[in-house]
Amino acid sequence: MAINLTLALTFFNFVNSSAARVLLTLYALTLGAQPSTVGVLGGMFYLFPLLLSLPIGSLADRYGSRWLLMIGALCGTSALLLPYFVRAIPAFYVAAALSGLALAFFHVTLQNLMGILSRPNEHARNFSNFSLVGALTNFVGPLAAGFSIDYAGHAVACLYLAALSLIAILLLLIWGRLLPGGNRAAVGGTGTLKSLADREVLRMLATSGLVQLGTDLFQFYLPIYGYAKGLSASAIGAALAAFAGASFVVRLFLARLVERVSPEKLLAWSFYAGAIGFMLVPFCHDAIMLGVVAFVFGLGMGIGTPLTVILMFSHSTEGRSGQTLGLRLTANNFVRVVGPVLFGAIGSALGLPPVFWINALMMGSGGLMSHSRAKRSRKF
C-alpha cells in the first residue's frame, strides 16, 4: 500500500510541476517576455532544488517523508495560484521559485521512499515503475497545460492545475501515516565528502547532470521554438507529450534491458538518440514533424534518468540513501539553473537553432564518453 501511495503522490505532484513549466513559459511569452527572460525564469524553477536537495535528503533520512511532502504540495499549489492573482513577470519569477521549492521536497523524498520501501531484488522493478509514472506525468502535464490554456486562457488554467497539488495534500492527510518514519541517528557528518571522494560517484554525478541538462533543455526550448513557429499551445503540448510517451514506452523494458545490456552501453545509446533529436528540431516546421522528433528523443533520453537513479542508490551507504540521492539532485539542479540562463543568452544573441545544435554536440560527446567507458569495462 505504501508503494502505491508513493506512486500516486509522484503522479499528482510531478504533473503539477511539468504543467507549471509549460504554463508559466507560455504565459510569460504572451506578456512579452524575451528568450533571455524566459531563460532566467527556467533557471528559477531549479534554484531551490539546487540549494536544498542535499539537506532535504538528510531530513528525509532523519525524520521521514510525510511532512516534507506536505510542505512540497503546499508550495506547488501556491506556485500556480500566484500568477492567477498577479499577472506580471516578477510574480512569475516567484511562482517558478515556489514550483522549484515544491520539486525540491518531492523529488529526493519520493525517490528515497521507492528505495527504502523496496527489497534489494525489487530495486530495478520499483525504480522502473517510478520512472514510468514520471514519464506519464511528463505526458499528462504538458497536455493538461496546453488544453487548459486553449480552453480557458492562461490565468484560469493556473486554477485548474493548482487542484492537482490539492489532491496530493488530501492523500497525505488520509494515508500519510503509512509512509515510513526516519532514523534520528542518521546525520550529515562526512558522508557527503566521502561520496565526493569516490571517483565512480563523481563520474555518475557528471553523467547524470548531462542527461538532466539535455532532457530539460529539450523540454524547455521546444515550447519556445513551437511558439516562434506559430504553433498552438495544444500542438506544443502534444509534441512534448510525444517525448513523454516515448519515455514511457522505453521504460517499460528498463528492467529487461538492464539484465541484457551494460548500463554504460545503454547510456551511450541514450546520448546518441538525444543528439539526433536536438540536431533535427530546427528542421521541423509543423507539429507532426516536431512530434516525431520528440518521440525519437524520448526513446533515447527517457532511459537515462532512471539508470542514474538506480546506480546512485546502489552506491549509497545504509541509512544515508536520501543524502546520496540529494547529492545527485544537487548536481542535476546545478545544470538546471545554469543551463536555461546560459542557453537563453545564446538564443537571444544567435537565435534558437544554435541552441539545439550546441546541445546536439554535447549529447554526442556524452555518448562517446559512455561508449568508451563500456569498452573499458569489457576488458576487465
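Modeller: Here is a place to begin: Phe14, leaving aside residues up to four places away in sequence, touches Leu103, Phe106, His107, Leu110, Phe130 and Thr137, where contact means heavy atoms within 4.5 Å. This is a predicted model, in which local features need pLDDT of at least 70 and side-chain atom pairs count only at pLDDT 80 or more, while totals for chains, interfaces and linings use all residues. Residues are numbered from 1 along each chain as its sequence is written, and side-chain values use heavy atoms, with hydrogens and water left out.

Colleague: How many helices and strands does the chain have, and how compact is the chain?

Modeller: The secondary structure comes to 16 helices and zero strands. The globule rule, 2.2 Å times the number of residues to the power 0.38, is set beside a radius of gyration taken over C-alpha atoms. For 380 residues the rule gives 21 Å, and the radius of gyration of the chain is close to that at 19 Å, so the chain is as compact as a globular protein of that length.

Colleague: Which residues have the most contacts inside the largest nonpolar core?

Modeller: A nonpolar core is a set of buried Ala, Val, Leu, Ile, Met, Phe, Trp, Tyr and Cys residues joined through side-chain atoms within 4.5 Å. The largest one here has 110 residues, and helix H1, which spans residues 2-30, gives the most to this core, with 15 residues. Leu9 touches, among others, Leu69, Leu110 and Leu179. The residues with the most contacts inside the core are Leu9 and Tyr221.

Colleague: What share of the residues is buried, and what share of the contacts joins residues 24 or more positions apart?

Modeller: Of the 380 residues of the chain, 59% count as buried. Among the contacts with a separation of 6 or more, residues 24 or more positions apart account for 86%.

Colleague: Where is Ser99 found, and is Ser99 buried or exposed?

Modeller: Ser99 is found in helix H5, which covers residues 89-116. Its contacts, apart from neighbours within four places in sequence, are Ser17, Ala20, Phe45 and Ala79. With a relative accessible area of 4%, Ser99 is buried.

Colleague: How far apart in space are Lys265 and Ser370, C-alpha to C-alpha?

Modeller: Lys265 is found in helix H12, residues 263-280, and counts as partly exposed at 28% relative accessibility. Ser370 has its place in helix H16, residues 352-379, and is buried, with a relative accessible area of 4%. Ser370 touches Glu264, Leu267, Ala268 and Phe271, not counting residues up to four places away in sequence. Although Lys265 and Ser370 are 105 residues apart in sequence, their distance in space, C-alpha to C-alpha, is 6.6 Å.

Definitions and conventions
Helix = DSSP H or I, 4+ residues; strand = E, 2+ residues; numbered from the N terminus. Buried < 20%, exposed > 50% of the residue type's maximum accessible area, 1.4 Å probe, protein only.
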